Amino acid sequence: MAKPKTKAELIESATTNYENLLEMIANRTEEEKSREYDFSDDDKKKEAHWKRDRNLRDVLMHLYEWQQLLLNWLKNRDDDKSRPFLPEGYNWRTYGAMNVAFWDKNQDVSEEEALRRLEESHHQVMQALGTFSDEELFTKGFYPWVGGSSIGGYFISNTSSHYAWAIKKMKAHKKNCRH
């Protein structure tokens, strides 16, 4: 699916990828559910997240935490001032450490609770998305507090693109379970 360029495309892409993710979760085998994620044998999987996330809960809570960043950023915005998306102490060069902190924070969350939180968060993000026009979403610099990019990019990153990332990870785990 191409990167969304309109609100309608973004809603469709986010909804489709979310539904595909839920379908993959529902159709997992017992081995996929019980076996830890391990991608250490694949030299192509070098990014930190391939080592960090060890199960579906870790993936779901990663999605949830990033959606919470988006929701809090939107809720606490000041239309006159730029406000960083990432929490204090992190920037776009150090967000990997933030992801590890999210991982640490959520190790006691059950898979069921992780899924419940993501479902709730997804609905909140989609509600927030519905409040913006195409122009507001996709005009770079429309809101000064976004900086030089568009708010639509943040919605794409935290919905359709992130769901596609989770699906890719689940597919890789499924493949590992067949071997």
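Guide: What follows is a short chat about pockets and a cavity. This is a predicted model, where local features need pLDDT of at least 70 and side-chain atom pairs count only at pLDDT 80 or more, while totals for chains, interfaces and linings use all residues. Residues are numbered from 1 along each chain as its sequence is written, and side-chain values use heavy atoms, with hydrogens and water left out.

Visitor: What makes a space a cavity, and how many of 30 Å³ or more are there?

Guide: On a 1 Å grid over the protein atoms alone, a cavity is a set of points where a 1.4 Å probe fits but cannot get out; a pocket is an open set with protein on both sides within 12 Å along at least five of seven lines. The structure holds 1 such cavity of 30 Å³ or more, and about 60 Å³ of space lies in the largest cavity.

Visitor: Why do R52 and W103 count as lining the largest cavity?

Guide: Lining residues have an atom within 4 Å of a point, so R52 and W103, both listed in that lining, meet the cut-off. Helix 4 gives the largest share, 4 residues; helices are DSSP runs (H or I, at least four residues), numbered from the N terminus.

Visitor: What volume does the largest pocket have?

Guide: About 340 Å³, counted as the space filled by probe spheres set on the points, with grid points joined across faces, edges and corners. Among the 16 lining residues, H62, W66, Y95, N99 and H162 are the closest to its centre.

Terms used: Helix = DSSP H or I, 4+ residues; strand = E, 2+ residues; numbered from the N terminus.
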